[in-house]
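Open the model in your viewer and keep the selection tool ready. We will go from stop to stop, picking residues as we go.

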Amino acid sequence: MQVKVNEKLQTNIPNIYAIGDLIKGPMLAHKAEDEGLAVADYLAGEPMFYSHASIPNVIYTNPEVAWVGQTEEDLKAKNIPYDKGFFPMIANSRSKASLNTEGFAKVLTDK
């Protein structure tokens with residue numbers, strides 16, 4: 001069961017906030033950390049900023065799968081111009097060190 005929150009991550013109970021696995025979104029520690037920092041900023045009177053779109057998502061498989069931001073399909077549907085590039089994992093030092101050089105990284109950027 002998820003706790004419903006507003007845009008400030010406040011629950012329906014005054015002065016109670018919820019972050020991380022309790023609320024909508026992926027169950028990732030770095031998501032909870034970003035949300036926690038945003039709430040702390042808000043409580044300290046600082047501008048609150050967090051964006052679920054900028055939090056990396058990951059699936060811990062072999063090979064690993066990760067993504068952040070909009071997908072190519074999202075950009076096409078919104079008619080947003082973009083450039084696309086590929087980086088082979090065989091050129092990545094971590095991949096070489098772990099003897100796992102299959103796959104690639106795809107990068108989408110503003111045009």
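**Stop one: a buried glutamate**

Select Glu35. Its relative accessibility is 0%, so Glu35 counts as buried. This is a predicted model, so treat each stop as part of a prediction. Now colour helix 1, residues 29-43; Glu35 is found in this helix.

Which side chain makes a polar contact with the side chain of Glu35? Show His52. The side chains of Glu35 and His52 make a polar contact at 2.7 Å. Next, show the other residues around Glu35. Leaving aside neighbours within four places in sequence, Glu35 is in contact with Leu9, Ile19, Gly20, Ile23 and Tyr50, as well as His52.

**Stop two: the nonpolar core**

Select Leu9, Ala18, Ile23, Ala38, Val39 and Met48 together. These 6 residues make up the largest nonpolar core. In soluble globular proteins, nonpolar side chains tend to be buried together.

Zoom in on Ala18. Is Ala18 buried or exposed? Its relative accessibility is 4%, which is under the 20% cut-off, so Ala18 counts as buried. Ala18 sits in the segment before helix 1. Residues up to four places away in sequence aside, Ala18 touches Val3, Val5, Leu9, Thr11 and Ile23.

Move on to Met48. With residues up to four places away in sequence not counted, Met48 touches Glu7, Lys8, Leu9, Ala38, Val39 and Tyr42.

Now draw a line from Ala18 to Lys84. Their C-alpha atoms are separated by 37 Å. Along the chain, Ala18 and Lys84 are 66 residues apart.

**Stop three: the largest pocket**

Select Ala66, Trp67, Phe104, Ala105 and Lys106. Among the 31 residues that line the largest pocket, these lie nearest its centre. Colour strand 2 (65-67), helix 2 (72-77), helix 3 (93-97) and strand 4 (104-110). Each of these elements gives two or more residues to the lining of the largest pocket.

Which element gives the largest share of that lining? Strand 4 does, with 7 residues. The largest pocket holds about 970 Å³ of space. By class, its lining has 13 nonpolar, 11 polar and 7 charged residues.

**Stop four: the second largest pocket**

Select Val5, Ile23, Lys24, Gly25, Pro26, Lys31, His52, Ala53, Ile55, Asn57 and Gly69. They line the second largest pocket. Its volume is about 190 Å³. By class, this lining has 5 nonpolar, 4 polar and 2 charged residues.

Note on methods. Residues numbered from 1 in each chain as written. Predicted model: local features only at pLDDT ≥ 70, side-chain atom pairs only at ≥ 80, totals over all residues. Heavy atoms only, no water. 1 Å grid on protein atoms, 1.4 Å probe; cavity = no way out; pocket = protein on both sides within 12 Å on 5 of 7 lines; lining within 4 Å. Points joined across faces, edges and corners; volume = space filled by probe spheres on them. Helix = DSSP H or I, 4+ residues; strand = E, 2+ residues; numbered from the N terminus. Nonpolar A, V, L, I, M, F, W, Y, C, P; charged D, E, K, R; others polar. Core = buried A, V, L, I, M, F, W, Y, C linked by side-chain atoms within 4.5 Å. Buried < 20%, exposed > 50% of the residue type's maximum accessible area, 1.4 Å probe, protein only. Contact = heavy atoms within 4.5 Å. Polar contact = N/O pair within 3.5 Å; in protein donor to acceptor, adjacent residues only side chain to side chain.
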